[in-house]
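Here's a quick tour to go with the chain on your screen. Have the 3D view open and keep it handy while you read.

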Amino acid sequence: MSKTSRRVVFGALLIVTLVVSTGAALGYLGRLTLVFDRHPGKPLAIIEEVPGPLDGPKCAIDARYLDEAPTGLRPEVLQAWKSLRAKASERGVQLCLNDGKRSRQQQQKEFDEAVQKFGTKELASRYVLNPPDRSMHVIGFAVDIQPIESAQWVEKNGSTLGWCRRYENEQWHFEYNARYPTGGCPPLEKSATGS
C-alpha cells in the first residue's frame with residue numbers, strides 16, 4: 001500500500017470515528033434522536049415493543065374478565081391508573097383492568113382474532129385498530145375496564161383524573177390524557193376507526 005493510500009484510509013477511519021463518537025455523545029446527552037419521536041423524551045420505539053400481561057387473575061366481582069397488572073403503562077399513566085382505582089375504591093367501586101398495555105405483536109394478534117370472530121377486516125377494525133401503532137394500548141395510554149358497571153362509573157367520574165371514554169361502541173375503553181381534567185373529555189368517536 002502506498003503512502004498516499006495509507007493516508008486516505010487513515011483519514012477516512014478518523015472521519016468515521018469522529019462522526020460515530022459525536023453521534024454517540026449527542027445521543028447520550030439527549031440531543032440526537034435517530035427515530036421518529038412523537039413525544040420528545042419518551043422512548044416510543046421501546047415502549048411500543050413492551051408486551052403487556054398475557055393474562056391475570058380473574059376479576060373478583062365478575063370472573064368473565066381478568067384483572068391484569070398494569071405492567072408496561074407509561075409512568076404518568078400508571079400513576080393516574082392508581083389514583084383512579086383508589087378513588088373508585090373509596091366510593092365502593094372495584095375496577096378490573098381487563099386489558100391494558102399491549103405490544104405491537106399483541107395488538108396484531110388481537111386484530112387477527114377479531115377478523116376470525118367477525119369475518120372481515122372491516123368489521124374487526126371497529127373494535128381493534130390496525131396497523132398496531134395506531135392503538136393507544138400499544139403506546140401505553142389506554143385501559144379496558146370491566147365489568148361494565150365499573151366502566152360506567154369511570155365514564156361519569158374519571159375525567160377529573162384524566163380518564164375519558166373514547167368510542168361509542170366500546171363502553172370499556174378509556175384513555176388517559178393530562179389535559180382532560182381541565183379541558184374535559186373530547187366527543188366520542190363512533191369506533192376506533194371512526195366508522
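A residue counts as buried when its relative accessible area is under 20%, as exposed when that area is over 50%, and as partly exposed in between. D67, for instance, sits at 16% relative accessibility, so D67 counts as buried. Keep in mind that what you're looking at is a predicted model.

**The big picture**

- The protein chain has seven helices and four strands.
- Walk along from the N terminus and the elements come in the order α-α-α-β-α-α-β-α-β-β-α.
- Of the 195 residues in the protein chain, 34% are buried.
- Take the contacts between residues at least 6 apart in sequence: 58% of them join residues at least 24 apart.
- The protein chain has an accessible surface of about 11700 Å², and carbon and sulfur atoms account for 58% of that.

- Helix 3 covers residues 75–90, which makes 16 residues. At 1.5 Å a residue these should span 22 Å, and the end C-alpha atoms are 23 Å apart, which agrees.
- Which residues of helix 3 are buried? They are V77, A80, W81, L84 and A88.
- If you look down the axis of helix 3, these buried residues fall within an arc of 105 degrees, so they line one face of the helix.
- Here's the general idea behind that: an α-helix has 3.6 residues a turn, so residues three or four places apart point the same way.
- The other side of helix 3 has P75, S89 and E90, which are exposed.
- What covers the buried residues of helix 3? The cover includes strand 1 (96–99), strand 2 (142–146), helix 6 (148–157), strand 3 (163–167) and strand 4 (170–176).
- After helix 3 comes G92, which has a positive phi, near 80 degrees.

**The nonpolar core**

- The largest nonpolar core is made of 19 residues. Those with the most contacts inside this core are W81, L84, L95, V143, I145, V154 and W163.
- Helix 3, strand 2, helix 6 and strand 4 are the elements that give two or more residues to this core.
- Helix 3 gives the most, with five residues.
- Zoom in on W81 and leave aside residues up to four places away in sequence: W81 touches P70, L73, L95, L97, V143, I145 and W163.

- In helix 6, the buried residues are S150, A151, W153 and V154.
- Around the axis they cover an arc of only 155 degrees, which puts them on the same side of helix 6.
- Helix 3, strand 2, strand 3 and strand 4 are what the buried residues of helix 6 pack against.
- On the face turned away from the buried side of helix 6, you'll find the exposed residues E149 and K156.

**Two cis peptide bonds to spot**

- N130 and P131 are joined by a cis peptide bond, with omega at about 5 degrees. P131 lies in the loop between helix 5 (121–124) and strand 2.
- Q146 and P147 are also joined by a cis peptide bond, and here omega is about -10 degrees. You can find P147 in the loop between strand 2 and helix 6.

**Salt bridges**

- How many salt bridges does the structure hold? There are ten salt bridges.
- One of them is between the side chains of D67 and R85, at 2.6 Å from N to O. This pair links distant parts of the chain: D67 is in the loop between helix 2 (44–47) and helix 3, while R85 is in helix 3, 18 residues apart.
- Is R85 buried, exposed or partly exposed? R85 has a relative accessible area of 25%, so R85 is partly exposed.
- D62 and R64 form a salt bridge too, and their closest N and O atoms are 2.7 Å apart. D62 has 13% relative accessibility, so D62 counts as buried, whereas R64 has 64%, so R64 counts as exposed.
- E90 and R91 form a salt bridge with the closest N and O atoms 3.5 Å apart, and both residues are exposed.
- D99, R102 and D144 are linked by salt bridges into a network.

Technical notes
Residues numbered from 1 in each chain as written. Predicted model: local features only at pLDDT ≥ 70, side-chain atom pairs only at ≥ 80, totals over all residues. Heavy atoms only, no water. Expected span 1.5 Å × (residues − 1). Buried < 20%, exposed > 50% of the residue type's maximum accessible area, 1.4 Å probe, protein only. Arc of directions from axis to C-beta. Contact = heavy atoms within 4.5 Å. Core = buried A, V, L, I, M, F, W, Y, C linked by side-chain atoms within 4.5 Å. Areas by Shrake-Rupley, 256 points an atom, 1.4 Å probe, with all protein chains shown as cover. Salt bridge = Lys/Arg side-chain N within 4 Å of Asp/Glu carboxyl O.
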